[in-house]
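Please look over the structure below before reading on.

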Amino acid sequence: MKKIILDVDTGIDDSLAIAYAVHSPELQLLGITTCFGNVSVEEATRNTLVVLEHLDSTVPVIPGAGKPFAREPIKKKAVHIHGEDGIGNTLTLEPNTQAQRDQAVNFMIQQVNKQPGEVTLIMVGPLTNLALALKQEPELVSRVERVVIMGGAVTVRGNVTPHAEANIYADPDAAEAVFRSGIPITLVGLDVTMKTLLPLEEVVKWREKGTKLADLLADMTEFYIGAYKSIYPSIKGCALHDPLAVAAVTDPSFVKTVPMRLSVELQDTESLGHIEGVQLDGSGEEQSVDVCIEVDAERFLEHFLSRVIL
């Protein structure tokens, strides 16, 4: 069983990733840390608590960064994709549970130091919390088992600009700091996540479960699919961005990677957040990142559907 910390900016695909992770017996979810991104950090924390309540889960939630690592905020809330509340305008009641008083950076450092070589970080929002943790405790580089990041568009177009993916664009300085740190990374970017489409007909079937969780996830995912349809009229579903990062930990054979040296554009306004990737020969060059370039999308979708709602 892999010990993981899931770092989220809880919008809709984050919610699906949380459900998938909670229902995966291969994973021991130590905690969920939150960050700004799709929504504010306060909203991400609230949304995470809402989803966990629907899952009947007591996994601790720890708030994190509310602004970028080294600059003023540059990305607005993704209302058109995730709704005003971040979860497809499904929020009717505030959660009954509360987040922990600790801070995400402290939680990450404490958990990794307590269990060196055993904790995997799954980052599905901006990389701010991790960049701050590495700044405070550089030794995390050698103590984390692995960092799996949903972010980037190395060989394909971006989704927030033609050049950049949303998580990297929201805090490019944090991404650059993490990539340069030497920490072991698997990057699960748009290169593969846009190949993992969840069809509407599968979402409709969730309602047959007759549970509060099924209804919540169906409502928010139908909103998400509608947003995709408005941007990509011919698309048949929505991409499972964040769940694929979870899948890459439960079963790494879902994806194929190549080692690359990555750099993030930090200056040019037009291409801010663009990732430049140079493929390496795999000889162990420092600061390489394992970049996902292929995915077994059909097998992954089947696996995801078997677990997201039990």
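By about how much of the helix are tyrosine 224 and tyrosine 228 separated in helix 11? They are 4 residues apart in helix 11, so about one helical turn separates them. The model is a predicted one: local features need pLDDT of at least 70, side-chain atom pairs count only at pLDDT 80 or more, and totals for chains, interfaces and linings use all residues. Residues are numbered from 1 along each chain as its sequence is written, and side-chain values use heavy atoms, with hydrogens and water left out.

**Strands**

- Helices (H or I, at least four residues) and strands (E, at least two) are DSSP runs, numbered from the N terminus.
- Of the 7 residues of strand 1 (residues 2-8), 6 are buried, so the rest of the structure largely encloses this strand. Buried means under 20% relative accessible area, exposed means over 50%, and partly exposed lies in between (1.4 Å probe, protein chains only).
- Strand 1 pairs in the parallel sense with strand 2 (residues 27-34) over 7 bridges; two strands pair if DSSP finds at least two bridges between them. Valine 8 has threonine 34 in strand 2 as its bridge partner.
- From strand 1 the chain passes through helix 1 (residues 12-22) to strand 2, in a right-handed β-α-β crossover. Right-handed means that, with the strands pointing away from the viewer, the path from the first strand over the helix to the second runs clockwise.
- Strand 4 (residues 119-123) pairs in turn with strand 5, in the parallel sense, over 4 bridges.
- Strand 5 (residues 146-150) has 4 of its 5 residues buried. Strand 5 and strand 6 (residues 185-188) run parallel and are joined by 4 bridges, with isoleucine 185 in strand 6 as the bridge partner of valine 147.

- In soluble globular proteins, nonpolar side chains tend to be buried together.
- The largest nonpolar core holds 63 residues, and those with the most contacts inside it are Leu6, Trp206, Leu217 and Phe304. Helix 11 (residues 212-231) gives the most to this core, with 10 residues.
- Such a core is a set of buried Ala, Val, Leu, Ile, Met, Phe, Trp, Tyr and Cys residues joined through side-chain atoms within 4.5 Å.
- Leaving aside neighbours within four places in sequence, leucine 6 has contacts (heavy atoms within 4.5 Å) that include Ala17, Leu29, Ile122 and Val246.

**Aromatic pairs**

- The structure holds 6 aromatic pairs. Rings of Phe, Tyr and Trp (its six-membered ring) pair if their centres lie within 6.5 Å; planes under 30 degrees apart count as stacked, over 60 as edge-to-face and the rest as tilted.
- Tyrosine 20 and phenylalanine 304 form an edge-to-face pair, 5.3 Å centre to centre with 75° between the planes. Tyrosine 20 is in helix 1 and phenylalanine 304 in helix 13 (residues 297-305), so the pair ties together parts 284 residues apart in sequence. Both residues are buried.
- Tyrosine 224 and tyrosine 228 are also an edge-to-face pair, at 5.1 Å centre to centre and 80° between the planes. Each of these two tyrosines is buried.
- Ring pairs link Tyr20, Phe254, Phe300 and Phe304 into a cluster.

**Salt bridges**

- The whole structure has 14 salt bridges. A salt bridge is a side-chain nitrogen of Lys or Arg within 4 Å of a carboxyl oxygen of Asp or Glu.
- Lysine 3 and glutamate 118 meet in a salt bridge at 2.7 Å, N to O. Lysine 3 is in strand 1 and glutamate 118 in the loop between helix 4 (104-114) and strand 4, 115 residues apart.
- Glutamate 26 and arginine 307 form a salt bridge whose closest N and O atoms are 2.6 Å apart. Glutamate 26 lies in the loop between helix 1 and strand 2, and arginine 307 in the segment after helix 13, 281 residues apart. Glutamate 26 is partly exposed, at 27% relative accessible area, whereas arginine 307 counts as buried, at 13%.
- Arginine 146 forms a salt bridge with aspartate 290, with the closest N and O atoms 3.3 Å apart. This pair links strand 5 with strand 11 (residues 288-295).
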